[in-house]
Amino acid sequence: MSADTFLERPAAVSPGRAAPTHHRRRDNHAGVIGYWLVLPAATIYVAFTLWPILQTVYLSFTDWNGLSPAKSFIAFDNYRELLGDERFFGALLHNLEWVAGSWLAQGLGLILAALLSASWIRARTLFRTVLFVPATMSLVVVGIAWNQIYQPDTGILNGALEAAGMHGVGWLSGQHTAMPAVIATANWTYYGFAMVILLGGLQSIDRSLYEAASVDGAGSFSQFVHITLPGIRNQITLLVVLSFINTLKTFDLVYIMTNGGPGHATEVVAYYIYSLAFVTHQVGYGAAAAVVLTLIVLVITVVFLRLRERSDR
Amino acid sequence: MIPRSPRSTFWRAGPIAVAVALALGAAACGTTTGGGNSDGSSGGLKVGDKATLTVVSQFGDNAALQPVLTKLNEAYEAAHPEVTVTIQFLSADDEQKTLPTSLASGSGPDIFDYDAAESALGELATNGLVAPLDTYVDKYGWAKKMEPSVLDRAKYDGKRYGVPRSSEAVGLFYNAAIFAKYGIEAPTTYAAFLAAADRLKAAGVTPIAFGNKDQWPSSHLIGAALHANTPMQTIRSLESLDGSATWADSGVQASMEIARTWAANGYLTSNFNGVAFDDAFKAFYTGRAGMFVEGTGVTPDILQNATKPGDFRFVSFPMIDASLKQQAEGGVGGAWSISASSKAADIAADWIDFVHFSDTAEAAWLKAGVLPTSRFDTSKVDVAPLLQQNVDVVRAAQNGGGIGAWTGYTSSALVTEAWNGAAQQFLGRSQDAAAFAATLDDALAQARKKK
């Protein structure tokens, strides 16, 4: 008996034909064993995911400062304050800018995937590996490295600009350059991931569709619009929604590269939450902001799942 | 209905019960809190008892000071073989992020050194996480060894919670070799300081090394201008939650504006908001900038890392308002404290007294660049000229208008956090002095209201 058969639900039986007693007992027994098997994972999930989430929700209704044992229940005061918090919404706007910026990486990933799936390309595996390497690197390492690249005086970026006769730029110090600079760094780690996902989609498209289109006189652009794009629709949906989820919770690069500055020009919601909870000791208020961020991510995830279900049908 | 046997019930409901029990057990780990006595006595181990102590030190980012503390600790362990002391070195930044949480969970170290500001140690103390030291101040005579103005830097709500371990003041470092090369007069007056900056700029040398990516360096730069141009009484009121002064004060705003003119005139490192403190500091001690507005705390690094430490000088930041006596931004660099949950507070206090106040310890710290907080006679120790200049600058302020506070970093974490973002915008000229002051006053009002 295979494992699948062993764990599957008992089949429905007609009223007139009850299942043999020993079969029913064995099926119930199998179901209980299933619960025991998931026990370790369930324990870890409850202790390290569910319990902290419930604690965070509870703390969001208090004024706890994270230091004192005393905490007062203040109902929805933190949420009311959050509604009028310009800094929170400013940070959220930066997250959305980041989402939009990540679509550039997806575009680059699509171009690279298209090139790598072309029949004339040589050393495809080598290119795919090299282009994917940034996606495997720690964001802390990436942040430190790009900090050096963006250095106003000693960074290679300004060095290249000056060698070309242009003025150097304060990439991370300018109100209008810091956010694009951080997003560009994030994109450097993301395009390779997008490329691999899209490459998988491209390779699953039936080549005979292109041959038939060519016979019918369709050009490259027409083939791309009418065959390629519909063929990788699921992958594009996945990347767009993942970009929402990942960038809404982004923290590392901002922490390493700018501390949310200059001013609050690169502050994102997760960094603001960290600042509230661990710098200014407003744990209750920070928990409320975290709950709101979680709800936003949750809504987007649900929308994503619905979209996928619809496209699968 | 067939009654279920207990075994059967466990078999069915067991996974859920076990999962919940294990999860709650795991979640409960680390939430126990220790207790200390409010009178400062530990009620635990006494001096002479066998004990293991843990110490968290801020010297993680000051490699020159780690061996000093390690050697003094070895000497203490040799004198007290029944005691084992484990020291963990953290950067000040990392310590501020981790220590409050570990203290609040009751798993903090026995001893730690921490910024003595009301916004730092004061916040931990007033939340019951630090043991009051008044009993030990009397027992070891610390009040006789230190000026009250120094010892009281770690006094909150009428109790002493820390032993300040270093005196610090912000002043003006300059590279005498560069000044000599361009025939520039020493910047001992404000007019000479401005003339030096103009001359260096004309010569293509960065006049003042400044990197504000880490945000806190703006406190020292703007604070230097503030302390050179604002009466000490106003500064102390501004930096206290019990005070009434505000950042909107016209004199305070005018002082902040002076610092911004240094940026506007091109005296500071270009694109300073994107330059890390370490990089700006390195530019200074490697001879790529003429001046550096910083605290005495960086002196050990200059002595250790500069190719020619003898090229560097340190003077008081010159007073802008000539009617005021010499004063300086600063205070104490850190304070030794004992966790409220420590079961060996008596031994911890004994350790602090040993590593801080013995003549051997005072001399070792001074040689390493840590300026004494006690009345220790520094002439007994042969130190590098730059260190002696540090001592002179601190004493000049103490004997003059006084040492004020760490600007924007003393009263409350709320003000500090507001300062960090707004100061970058202010110096970067995307916010004027009035808007900068309004941001700080909002945070200050909130902090004062909470207290």
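1. Let's start where the two chains meet. About 3,300 Å² is buried between chain B and chain A, with carbon and sulfur atoms giving 59% of that area. Buried area here is the accessible area (1.4 Å probe) that two parts lose on being put together, summed over both.

2. A quick word on the source: this is a predicted model, where local features need pLDDT of at least 70 and side-chain atom pairs count only at pLDDT 80 or more, while totals for chains, interfaces and linings use all residues. Residues are numbered from 1 along each chain as its sequence is written, chains are lettered from A in the order in which they are written, and side-chain values use heavy atoms, with hydrogens and water left out.

3. Who touches whom? On the chain B side, 39 residues are in contact (heavy atoms within 4.5 Å) with 42 residues of chain A.

4. Now look for charges. The rule finds one salt bridge across this interface, namely A:Arg87 with B:Glu417, whose closest N and O atoms are 2.8 Å apart. A salt bridge needs a side-chain nitrogen of Lys or Arg within 4 Å of a carboxyl oxygen of Asp or Glu.

5. Which elements give two or more residues to the side of chain B that touches chain A? They are helices H1 (6–28), H3 (92–104), H4 (121–126), H18 (413–427) and H19 (433–450) of chain B. H1(B) gives the most, with 12 residues. Helices are DSSP runs (H or I, at least four residues), numbered from the N terminus.
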